[in-house]
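Work through the exercises below with the structure in view. Try each task before reading its solution.

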Amino acid sequence: MSDPVITVKDIVTQFGDNRVHDGVSLHINKGEIYGLLGGSGSGKSTLLKEMILLLQPQSGDITIFGHSVINSTESERDLLRQRWGILFQNGALYSSLTVAENIAISLKEYTNIPMTLINDIVRMKIDMVGLPAHVKDFYPAELSGGMVKRASLARALARDPKLLLLDEPTSGLDPIGAESFDQLILELRAMLDLTVVMVTHDLDSIVNTVDRLAVLARKKVAAQGTLTEVCQNPEPDIKAFFGGKRGQARLHQKIWNDVNGK
Amino acid sequence: MRLPEHTAEIQAYQDTGYDIALKSKGCWTVNSIHNVVESLADFCQKYKNSTILWDVSAIEEIDSVGMMVFIRYYDQLLTNKCSVTLKGVTQKHQRLDTLVRQHSVSALEKNTLPHKNYLLSPFHSVGKWVVGLVTELILFMTFFGESSLIFFKSLMHPSRIRYAAIVKNIEQAGLHALPIVALTSFLIGIVITYQAAVQLEKFGANIFIVEMISISVTRELAPLITAIVVAGRTGSSYTAQLGVMKITEEIDAMKTMGFNPYHFLVIPRILALMITLPLLVFFADIIAIFAGMLISEIHLQLSFSEFLHRLQNVLDMKHVWIGIIKAPVFAILIAMVSCFRGFQVEKNSDSIGRYTTISVVNAIFLVIACDAIFSVILTELGI
């Protein structure tokens, strides 16, 4: 469990005069579900975008699977892009393709797998994310919000990635849908040996799924570690994040059990 | 950065106690599995009622796709009544096997596509096209009716008309279109003057260039060219604007807040275009005649004052009026079609582009068809 899949070192990001990150460092270990937390505008989605090569930080380094993504050639980047799956906040399914075509597209483009086998793979992935089989011929516009997230997860899983990056996977879902989505992430992690990074501010999914987490505040990592460790951090930003009424109610039980159990 | 060389391999060899033995090697993953699919298929066809040893211990890496291929052919061997002994199965393999089996949906529904009859399919597509056309026509009629109703209602209560929206639309569709209308009509003026000048010079009838240009431009060319430019420029933007509003559910929001989208979106656009297009046509008249005057001066040595003097005598006001009266009709057609197509946009990225194209094509066609009708009627009436 100890070798890091992603290492982020001293990242500085600036948009115009607005500095978003000022020396952000963290590491994500193999096989864990890692939460990136922070208030709106704290730069957690920006950090995720820098990891997946959509943005370039001003300075610092990000290493994924032992290779730097900042100073990489285009062919290295292509190899990297084959090894992760990404779930965007609003699904980002290709709206002119059906669900099955969305899932199959990277298999069709990048592998030589025969079409009949691709169809079987697509059916399996659809079933794996808990969607009924008939949605494969639906267009994204015909799906509900929760189904879009699941279909998009199936697309992210199409090529059996070892690293899954999720941008607010439970936002916009009802509590039941969100909980079953969390459950799904846990199951998939266990079954497929995934390392999962998720940007979230859903306290329930933090408590239920996340192994370790980092809280971004004031352009830096305010705290990093397991939930219990982070909650015991006396920093005011952490207190503000977890200390509100919602945080208290949700966390109380879990922390109480953890602390007393030791 | 290099990824490990991706190859999946399968080898057959002889082993005591078995008819045949298989050895799987390498990475059985999504990127390399295609290497073995064919040879596996051949192999599984060949062996029936045999005892087989399948050694999987040399597989370095396997993922769900690799496992799926394995399961597929393993099961096929079993259905061929072979007895298969596996060697080197790890716990991870078993877990993956359970996972894939659990989520494999039966392939029974594979051949559910209806059989296509090639003899009947032309009839099928023609029928579909006709039905589509009729449905569209009915929908357009409905749209036309509803817009007209709201339009007349607005005329009864002029205070309810959205004047601010009209002015904004006039600015976009009229003021901002002046340069392109000027350029096209100037060029049209040049083209017809040149063509006519060559012919008229042969007869020494240089002075008739004035009639030639002024009547053809004011009566036909300026309204037509302006309408086509406006259909391409403003019509497409109307379709795209309304289409985006439909996709972002703004139109639904308006409906729920009691704002009639016809009243707020369609009528201002129609009115704005009805006001703008005649003005643009008049502007185009002037520019095209000016271009003609310029070329006459250069090419036919007809001075500006001679040209203008002649123009006052030969150009009946009725020609100018006919051109200008056509404009609001064209405007209604363009605005109606483009708004109608805008409301048809669906929630996917293709459809805005598709409907914008359709809208422009429809609008240009309708403008030309309508112009032809005008020509026939007015000529028959002797005007």
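**Exercise 1.** Does Asp120(A) count as buried or exposed?

*Solution.* The model is a predicted one.
Step 1. Take the cut-off: buried means under 20% relative accessible area.
Step 2. Asp120(A) has a relative accessibility of 12%, so Asp120(A) counts as buried.
Step 3. The side chain of Asp120(A) meets that of Arg123(A) in a salt bridge, with 3.1 Å from N to O.
Step 4. Check the partner. Arg123(A), at 8% relative accessibility, also counts as buried.

**Exercise 2.** Describe the salt bridge between Asp97(B) and Arg101(B), and say where the two residues lie.

*Solution.* 
Step 1. The side chains meet at 3.3 Å, N to O.
Step 2. Asp97(B) and Arg101(B) are both in helix H3 of chain B, four residues apart, about one turn of the helix.
Step 3. Asp97(B) has 23% relative accessibility and counts as partly exposed. Arg101(B), at 37%, counts as partly exposed.
Step 4. Salt bridges can also share partners: Glu74(A), Asp78(A) and Arg81(A) are joined in this way into one network.

**Exercise 3.** Which residue of chain A forms a salt bridge with Lys92(B), and how far apart are the closest N and O atoms?

*Solution.* 
Step 1. The partner is Asp193(A), and the closest N and O atoms are 4.0 Å apart.
Step 2. This pair crosses between chains: Lys92(B) is in helix H3 (residues 91-103) of chain B, and Asp193(A) is in the loop between helix H6 (175-192) and strand S8 (195-199) of chain A.
Step 3. Lys92(B) is partly exposed at 33% relative accessibility, and Asp193(A) is partly exposed at 32%.
Step 4. Over all chains, the count comes to 19 salt bridges.

**Exercise 4.** How many aromatic pairs does the structure hold, and which residues are linked into a cluster by ring pairs?

*Solution.* 
Step 1. There are 11 aromatic pairs over all chains.
Step 2. One of them is formed by Phe140(B) and Phe144(B); this pair is tilted, with 6.1 Å centre to centre and 55 degrees between the planes.
Step 3. Phe140(B) is buried at 18% relative accessible area, whereas Phe144(B) is partly exposed at 32%.
Step 4. Phe143(B) and Tyr262(B) form another tilted pair, 5.5 Å centre to centre with 45 degrees between the planes. This pair links distant parts of the chain, from helix H4 to helix H9 (residues 261-299) of chain B, 119 residues apart. Phe143(B) and Tyr262(B) are both buried.
Step 5. The cluster consists of Phe140(B), Phe143(B), Phe144(B), Tyr262(B), Phe340(B) and Phe343(B).

**Exercise 5.** Which residues make the nonpolar surface patch of about 600 Å²?

*Solution.* 
Step 1. The patch is made by Val126(B), Trp129(B), Val130(B), Leu133(B), Val134(B) and Ile138(B).
Step 2. Take Val134(B) as an example. Val134(B) lies in helix H4 (residues 121-156) of chain B.
Step 3. Membership of a patch needs over 30% relative accessible area. Val134(B) has 45% and is partly exposed.

Conventions:
Residues numbered from 1 in each chain as written. Chains lettered and ligands numbered in written order. Predicted model: local features only at pLDDT ≥ 70, side-chain atom pairs only at ≥ 80, totals over all residues. Heavy atoms only, no water. Patch = residues over 30% accessible without salt bridge, like charges linked within 9 Å, V, L, I, M, F, W, Y side chains within 5 Å. Areas by Shrake-Rupley, 256 points an atom, 1.4 Å probe, with all protein chains shown as cover. Buried < 20%, exposed > 50% of the residue type's maximum accessible area, 1.4 Å probe, protein only. Phe/Tyr/Trp six-rings, centres within 6.5 Å; stacked < 30°, edge-to-face > 60°.
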